[in-house]
Structure formats: structure tokens, C-alpha cells
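This briefing concerns a predicted model. Please consult the sequence and the structure shown here alongside the notes.

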Amino acid sequence: MKNKKSWMLVAVCLCLIMVVSGCSQKKAEKFPSEPITLIVNYGGGGGTDITARALAKAVEPFLGVPVTVVNKAGGAGTAGIIEMKSKKPDGYSVGVVTYAPLAIVPHQMKVPYTPEDFKYIMGYGIYRYGLAVKKDSPYKTVDDLVKAAAAKPDGMAFSASGYPQPFVMQKIGALKNVKFNYVPTKSGSEAATAVLGGHVEVTIAVMADLMQFVKTGELRLLASVSSDRLDISPNTPTLKELGYDIAINSYMGIGVSKNVPDDRLKILREAFAKAFKDQAFQDIMKKTSVPAKYIDGEEFGKLCSDGYKESEQNLKAMGVKK
Amino acid sequence: MLQVYKSMYVKIAHCKGGMGMKFSEATAEQVTGVSLGVFSLLLYFVLIPWQIADVKVAGVTPRFLPEALAIFMLILSICLFVNGYGKRTNVGQKYYSFAPKETALVVKSLLILSGYIVLLEVLGYLLTTIAALGLLMYMYGQRRIKILIPVTIGLPVVIYLFFTKVLQIVLP
Amino acid sequence: MLDLMLNGFATILFSPTNLMYLFAGVTLGILMGSIPGLTATMAIALIVPLTYYMEPVQSLIMLMGAFNGGTFGGSISAILIGTPGTPAAAATVADGFKLGLAGKAGKAIKMALMASITGCLFSCIVLILVAEPVARYALKFGPAEYTVLMVFSLTINGSAAGKSIIKGLIGGSLGLLFGMVGLDPIASIPRFTFDQPILSSGIDLVVMLIGSLAFSEVLVQIEAVAKGKVKAHMPPPQSPDDERLSFKEYWTNIRTIVRSAFIGCGIGALPGLGPTLAAYVGYDIAKRNSKHPEEFGQGSLEGVAAAETANNAVCGANLIPLLALGVPGDTVAAIMIGAFMVQGLTPGPMIFREAPEVVAGLYAGLILSNLLLAVLVLAFYRVFTKVSQLETTIIFPAVFMFCTIGVYALNQNVSDLWLMMLFAVLGYIMVKLDYSPATMMIGFILSPLFEVNLRQALIISSNNPSIFFSTPITWFFWVITIYSIFTITRSRRKGKLVV
């Protein structure tokens with residue numbers, strides 16, 4: 001018994017020593033003086049992971065310390081963000097924050113954060129969306145589609161791989177008083193193949209998933225659902241140009257806890273802004289078909305907060321949130 | 001019904017050491033039938049309303065299939081109970097036994113592993129794994145120092161190096 | 001075509017670096033697949049970041065080698081320890097472990113090897129020759145067709161159920177219930193998550209597998225330790241014949257192997273299903289058609305062959321939707337997309353035009369990985385069998401440690417470990433009371449597939465159930481479902497296909 005107690009004592013002492021020495025070291029030196037962890041909120045090998053790893057590599061020389069990437073997948077992208085928030089706000093834990101888990105998912109499930117709980121370093125990528133039908137579909141324009149849907153009292157089915165895509169059809173529906181039924185799929189490419197197989201008539205997906213089939217002519221792009229025309233298909237009009245005042249965008253960014261001191265945030269922002277211009281990083285972004293776009297931290301935060309409020313109303317309008 | 005539990009209680013009480021039990025197939029089926037029935041009712045009336053928001057979507061709602069499953073499980077539990085009840089007088093039916101010594105070892109293993117999980121993030125991977133591995137091996141009857149020491153220290157170190165160096169996974 | 005393929009082989013065979021990458025992939029795959037807790041999927045996820053600086057062919061053949069090696073590797077621990085190394089090997093345990101306990105571990109491993117290779121080569125041929133038409137046909141499978149296919153798959157619980165069909169259905173129901181934990185696939189609201197972030201992405205297949213099939217199995221086995229026996233875990237071969245696999249033994253099972261190869265190919269070509277389901281379906285159908293169904297579950301070589309052919313046939317086949325349509329067939333294929341993208345390639349119809357030499361190299365690599373697999377396994381399987389002959393006091397604690405570290409490594413989250421423990425206890429109790437945890441596993445795999453397709457179909461048809469009878473494919477699956485239920489009830493009445 002006595003033996004056990006003394007062992008415990010030794011263990012406790014050891015722990016204390018480690019903690020104390022760890023703390024005192026950090027305070028004395030300049031930031032950053034030890035490795036920084038980048039928490040990626042999706043699993044290894046996915047698009048977000050690949051670009052985040054390239055970014056981590058690119059930012060190392062500007063920070064002067066190694067940047068290790070940790071994947072924390074799960075909870076529809078929220079697990080990684082929760083993990084980042086739970087870390088000490090010393091600027092050594094930085095997280096990839098994507099638009100949907102920040103602005104949309106918090107309305108669907110309970111998460112211990114809102115977009116206001118973070119400060120943002122930058123936004124570095126923007127997703128573009130397109131509206132497409134099968135090549136032999138009778139619908140040549142969005143108006144054709146709306147007319148056809150109006151003729152169906154039960155509504156027309158469309159496929160998409162998650163929010164914010166369905167907001168578009170819901171809004172078109174509300175505008176023209178027709179009904180569209182959302183068929184969720186696991187991935188964007190599945191949403192596209194649901195149209196190819198003739199199981200649904202129309203899909204909204206990220207351009208990266210549609211492009212292949214647009215190129216082979218198997219899918220016909222009816223509109224760009226983003227605020228601008230698409231680089232890859234400049235002849236396709238945007239929904240706005242077609243008279244529907246609707247656009248969705250989705251972003252990838254880097255954030256830290258809001259309690260990180262401002263001087264450290266400034267250092268991180270400067271380093272990541274330089275890393276964004278790195279050629280290797282830009283190449284990876286191009287390869288993964290995510291248009292790279294630099295959005296400064298403050299603006300990115302505003303995009304997320306606005307999106308957070310807007311999504312709540314959209315979800316309520318769709319009846320999936322009370 | 002009450003009799004079933006009573007007979008089980010008697011059987012448990014008869015075993016020495018407290019951990020062991022022995023009961024017939026009929027008893028087992030009646031008891032699990034009742035527990036499963038209670039569970040499916042709980043699922044239908046408590047868990048589903050509590051854990052699944054009542055939202056309206058096209059097609060069937062998120063509650064539909066869980067509710068259907070709960071009803072199906074209730075039917076199964078009744079079948080199981082009736083089945084077990086029908087067997088109660090069968091001679092030579094199967095007996096399930098949780099022998100005291102064996103069950104104690106399983107429970108002890110689970111306790112050690114639970115402790116291992118609790119301490120994993122506190123003390124770090126290497127220390128806890130060495131301790132847990134040593135404890136388990138000793139408990140299962142390994143007494144030779146020549147085997148205990150190399151395995152308890154070597155294996156965790158190899159795993160640790162493999163994960164952190166080769167696979168680049170951060171361990172606590 | 002032939003030119004291109006010959007070129008593909010040449011790029012690998014005449015380049016020591018390429019060969020080395022393939023070799024490394026296969027080795028890592030076997031190693032990680034054979035350790036319970038580490039899976040082929042994890043091996044691939046870990047290789048992807050390493051491939052950033054490789055040539056396209058190098059990176060892809062390394063990944064496919066790891067996939068093929070890992071899918072086979074799972075059977076090694078299934079046979080030697082009774083715990084599946086990967087989910088895909090879950091169906092191999094029943095017979096493989098019994099063979100191992102009879103001293104025939106060497107024979108069983110060789111049967112698994114030959115079956116795996118046959119399955120993988122068969123699917124490679126299908127992939128090379130008819131990927132495009134097969135993928136086009138697979139497009140016809142919409143939500144309604146998948147739903148009916150899932151209804152059929154639920155009937156395979158019949159042969160996994162054991163003595164009592166009620167107990168089988170209970171196990172299956174529990175699996176279905178656990179499969180519903182997480183975000184609702186249609187409304188994306190949480191179900192049964194108790195506000196735990198870890199549960200909102202659902203219960204991981206590996207956590208379920210390790211908990212209910214591997215961990216619980218070891219718990220059952222340590223009961224023997226309590227009897228004071230510090231014996232070798234697995235007996236050495238009784239005769240030299242136990243180590244060998246004769247051509248005759250392979251050939252008598254050729255019908256089963258070919259059937260399983262077709263099943264594995266079909267399931268691999270349909271996006272979303274995966275090797276675990278393929279193995280279970282292959283096993284189930286082999287059992288129904290076997291001349292010796294009573295041997296299944298008691299150490300049947302045919303059972304090992306059926307499961308292992310089917311799961312490795314998925315390796316080649318799940319490249320069919322990936323390459324022809326850009327749709328990932330399962331988690332492994334989803335990770336592969338990342339690897340393609342790093343190389344600036346997008347899997348999909350354009351890849352055959354944009355990078356035919358990469359595709360040819362990939363095909364050649366996949367075929368050659370089988371050869372390497374055979375060489376490696378035949379050279380080193382004795383090491384594995386030697387390990388399994390160690391004392392139980394070493395094996396069991398070590399397996400516990402591998403299981404926990406593997407599950408922890410999934411998401412680096414301790415909550416997964418608690419979940420694993422929960423399933424371990426549940427699995428243990430199930431085994432003790434004559435329930436089969438395998439039925440729970442099957443229910444768990446099918447649950448999300450069944451639900452999401454059923455509900456998608458009902459959205460498309462505006463709640464009109466006639467959609468499930470609307471196409472010839474749905475009729476086909478209804479017919480075989482009815483036939484399947486019929487054979488289960490008949491054989492049970494006869495008392496032949498018990499066990």
C-alpha cells in the first residue's frame with residue numbers, strides 16, 4: 001500500500017514538472033518557436049486534406065517552424081473544428097475551417113461553437129456550382145425546367161450531395177411557385193451519375209464533379225449557380241443573369257480560436273498570405289479543381305457569419321429546421 | 001414472469017464467487033425476450049422521440065425506419081419469449097454457463113483495458129501500454145521474466161515507432 | 001490496347017523503382033491487413049500523402065498493391081487468431097479459424113491466397129476488357145434497384161444466423177439499429193447521437209468490426225486461459241499435408257471460386273457496396289449451393305475460398321466505376337480519387353483519353369501485385385504461423401494492444417475506444433448466448449445502404465411504392481429474394497442447413 005502511494009507521488013511530481021517547464025519555456029520565447037499543428041477537418045486523402053497539406057508545406061518557410069498536419073474527420077466536418085477550439089488558444093493550433101461545417105451544420109446538429117468563436121487567418125479556395133441535366137434531356141434552359149416542374153404536382157426530383165446546393169432549387173421553387181424534391185447523395189460524383197442513369201432529371205454539384213461529363217457531352221450545363229460565370233465554361237450564364245436572384249458559394253479557410261492574441265494572429269496571417277502565393281500550392285489547387293482565391297481573414301469571417309444567419313432562414317424555409 | 005427472474009436469481013445465488021451463472025436455454029430466451037421487448041418499447045416511446053427531431057422532408061421522415069425497426073424488434077422479442085416458454089419443460093436442453101473463474105478473468109481484462117483507455121491520454125502511449133501489456137500477460141499466467149520484459153517493452157516501442165515514424169500518426 | 005498493356009507491363013518490369021514501389025505497397029498492405037485493427041483502407045490513406053512526389057504510375061501501383069495485399073492480409077489473422085484483420089475478412093473467420101485449430105493453418109492460408117489471386121485476376125480481366133460497358137450498365141442501378149438489392153442482401157443473414165432464425169434476425173436488427181446512428185442521410189439531422197460529436201459521423205465500420213468480432217472473440221478465447229492452460233495458441237501441423245494445398249483441392253472448388261469472382265466483380269462494380277458485403281454474399285451463396293453445406297462454419301476450405309475470392313475480386317472491380325465514371329465504389333476508391341488528383345488526373349471517362357499510359361500501368365501493376373503477393377506470402381507465411389504458435393499469454397495481450405491502437409489511429413479519438421469496448425462486451429454476451437455477431441455486422445453494413453436508397457427512391461416517386469417494381473432489374477432481385485427465403489425455410493425444415 002505504502003509502495004503504491006509513493007509511486008503515485010512520483011508520477012504526479014513528474015507530471016507537474018513537465019507541465020511547468022513546458023509553460024515557462026513558451027512564454028519566454030518569440031512566436032512561433034515550436035511546431036504548429038494544422039488540424040484538417042476531413043479525412044486523409046480527400047480534396048481538403050490534399051490542399052491543406054500543400055498549404056502546410058508552403059507556410060513552413062515563412063513561419064520558420066515545422067507545421068504538422070493532423071486529420072480529425074467526423075461529424076460532417078465539425079469534429080476538426082471542435083478539436084481546434086478545444087486546444088489552448090496560443091496560436092500553435094490552427095485549423096482548416098470549411099464553409100458548411102461553420103455556417104450550415106451548426107443549425108442541423110448541436111455543436112459547441114458559432115462562427116463568432118473564431119478568428120480567421122484567410123480564405124484560400126472557393127467552390128463553384130453548376131446546374132446540369134442529361135444530354136438527351138428535353139430541358140434546354142432553366143425556364144424549361146421550371147415549366148416542367150410546374151406540370152408535376154408532386155414536384156421534380158434533383159440530386160445534390162449536401163448543403164448549400166439544395167437552397168438554390170428551394171429558392172427557385174419559392175420564386176416560381178413550383179416544387180423540387182431534394183435527393184441527397186453521398187458525393188458530388190454520385191449526384192452526377194444519378195442524372196446520367198436517368199434516376200433524377202437535374203443535379204446541382206461542384207464543378208469539379210460535373211466537368212468530366214460536360215467535357216464528354218454527357219451532361220448539359222444549364223447555369224452557373226455561383227455569383228460569377230465559370231472559368232471552365234464561360235458561355236454558361238449565371239442564374240442571376242437568367243433572372244433568378246440566387247447564388248451560392250462555399251469556401252475553404254484557415255482559422256484559430258478567437259482567444260489567440262492579436263500579435264500572434266498577425267504573424268500567422270502574414271505567413272499564410274505569403275504561402276498562398278507559393279507555386280507548388282497553387283499547382284495542387286489547380287489539380288484538385290478548387291479555384292484558389294485569397295480572401296483576407298476579416299472578410300472571410302464576415303462571409304461565414306453572414307452565411308450562418310442566411311442558412312438558418314434557408315433551412316427553416318425548407319422545413320428541415322424548426 | 002416473476003418466476004423466471006426468481007429462478008434465475010436462485011441460480012446466481014447458488015454459484016460461489018458471485019460472478020458465475022448457469023441457466024437453461026429456455027430461461028435465457030425468456031429473459032432476453034423480455035429485455036429486448038422492454039428495449040424496443042423504450043426505443044419506440046423514449047429514445048426515438050428524444051433523439052430524432054421531428055422534421056418534415058420529402059419521402060419518409062427520419063423517424064420512420066427506426067420506428068419500423070422498433071416494432072419489428074418487439075415482434076421478435078415476443079417470438080423469442082414464446083419460443084423459450086415452449087422449451088421450459090424440454091429435457092436435455094442446452095445450458096449456458098458463465099463459470100466464475102472464467103468470467104472473472106474476462107471482467108478483469110475489461111477493467112484493465114478500461115483503465116488503459118483512461119490513462120492513455122494522460123500518461124502517454126508508451127508508459128500505459130507497457131503497464132497494461134505487462135499486467136495482462138502476468139494475469140494470464142506468464143511468469144517468466146525472460147519473456148515478460150522483452151515483450152512488454154519491445155512491442156510498444158515497435159508499435160510506437162511504426163505509427164509515429166512510418167505512418168506519421170501522432171500518438172499521445 | 002494490347003500494345004498499351006505490353007507497354008504498361010514494360011514500364012513496371014523494366015524499372016527497378018516502379019517494382020520497388022509495388023513491392024513496398026504489397027508488403028505494407030499484407031502487414032497492415034494482417035494486424036487486427038489496422039486495415040487496407042488505413043494503409044492506403046497513409047500512403048496517399050507520400051505519393052505527392054511520385055510519378056503517377058508509381059503512386060497508383062503502390063496504392064493498388066497495398067489494397068490487394070491488405071484485402072488478402074486480413075485473412076491471415078482470421079485464420080491464425082480467429083479475429084478478422086480487416087472488415088473484408090470477417091466472413092473468412094468462421095471456417096479459416098477452425099482449419100487453423102485443426103493444424104491446417106498453412107493449407108487455409110494457401111487456399112485464401114489462391115482464391116484471392118484468382119478473384120483479383122478475374123476482376124482485372126473484366127476491368128481491362130469491359131470496364132466501360134459494365135460501368136454504363138451499373139448506371140441503371142438507381143435508388144429503387146439498390147433498395148431491392150439490399151432486401152436480397154438482408155436474406156444472407158439466414159446462413160449467418162446459426163441455429164435459430166429468430167436470434168439471427170435479432171442480431172441483424174441490432175446491426176440495422178447501430179447503422180442508423182449518426183446524421184440522418186436525407187435530412188442531415190442527428191439520430192441517436194446523444195449530442196456526442198463522435199457519434200454524429202456514425203459508428204465506424206472498423207470500430208464495429210474490431211469490437212464485436214475481434215475483441216469479443218479474444219474475450220471468449222481467454223476463458224480457456226482461466227483454466228490454467230498456458231499453451232500454444234495454435235497447434236503445429238499434424239502432417240506435412242496440412243501445410244500443402246494440392247491442385248485437386250483448388251480445382252474441386254473451382255465452381256465456387258468462379259461464382260464468387262462473379263459476385264465480387266458485380267458488387268465491386270456497383271458503387272457504394274464494398275468488399276465486406278461481397279465476402280458475406282459470396283460465402284452465403286457458396287453455402288447454399290455447396291454439396292457439403294454442413295461443413296460450412298466447421299472448417300470448410302470451400303468457405304474460405306468463397307469469401308476470399310469475392311473480397312479480392314472487389315479490388316479490380318471497384319476501379320470500374322472509378323475509372324469509367326469517376327464514382328468511388330467504396331472508401332478505398334474514394335481515397336484513390338485523392339491520389340489521382342495529386343497527380344493532376346481526374347478519374348472519369350476522360351482519363352482513358354488523357355492518360356492512357358497511366359491507366360495501362362495501373363492495370364499492369366494490379367496484375368503484377370498478385371504475383372508479388374503470392375511470392376511474399378509463400379516465402380513468409382511460416383513466420384505468421386510461427387507467431388500464432390506462441391503462447392496465448394503473449395498473443396492475447398498483444399492482440400488487445402493492436403486492436404486498441406488501430407481503433408485509436410482511425411480518428412485519434414479515445415471515444416472510439418470506448419465504443420469498441422461497448423461492442424466487445426455486447427459481442428461477448430452474444431457469443432455466449434448463441435447469437436452470431438456476424439449477423440449484427442451484416443445488418444450494420446446494410447443499414448445505411450438500405451435506408452438511403454429506400455428513402456431516395458421514395459422521394460423520386462413521391463412516396464409511390466410502385467417504383468420498387470418498375471424495372472427488370474428490380475424484378476430480378478425480387479425473384480432471387482423470394483428464392484433465397486424459400487431455400488432458407490426449406491433447408492431449415494429439413495434440418496440440413498442448420499449450423
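The model is predicted; local features require a pLDDT of at least 70, side-chain atom pairs count only at pLDDT 80 or more, and totals for chains, interfaces and linings use all residues. Residues are numbered from 1 along each chain as its sequence is written, and chains are lettered from A and ligands numbered from 1 in the order in which they are written.

**Confidence in chain A**

- The mean pLDDT (the predictor's confidence in each residue, from 0 to 100) of chain A is 84, and 89% of the residues score at least 70.
- Helices (H or I, at least four residues) and strands (E, at least two) are DSSP runs, numbered from the N terminus.
- The pLDDT is below 50 over residues 12-28 of chain A, a stretch with 1 contact in the model beyond near neighbours in sequence; two residues are in contact if their C-beta atoms, placed from the backbone, lie within 7 Å.

**Strand S3 of chain A**

- In strand S3 (residues 93-98) of chain A, 6 of 6 residues are buried. A residue is buried if 20 or more other C-beta atoms, placed from the backbone, lie within 10 Å of its own, exposed if 12 or fewer, and partly exposed in between.
- S3(A) pairs in the parallel sense with strand S1 (residues 36-40) of chain A over 3 bridges, and Thr37(A) stands opposite Ser93(A); pairing requires at least two DSSP bridges between the strands.
- S3(A) runs antiparallel to strand S10 (residues 250-257) of chain A, joined by 4 bridges, with Val97(A) opposite Gly253(A).

**Contact between chains C and A**

- Chain C and chain A each contribute 41 residues to the contact.
- On the chain C side, H17(C) gives the most, with 5 residues.

**Nonpolar core**

- The largest nonpolar core has 324 residues, of which Phe158(A) and Ile44(C) touch the most other members. Such a core is a set of buried Ala, Val, Leu, Ile, Met, Phe, Trp, Tyr and Cys residues joined through C-beta atoms within 7 Å.
- Beyond its neighbours within four places in sequence, Ile44(C) contacts Leu63(C), Ala66(C), Phe67(C), Val332(C) and Ile335(C).

**Helix H20 of chain C**

- 20 of the 20 residues of H20(C) are buried.
- Gln412(C) follows H20(C) and has a positive phi, near 50°.
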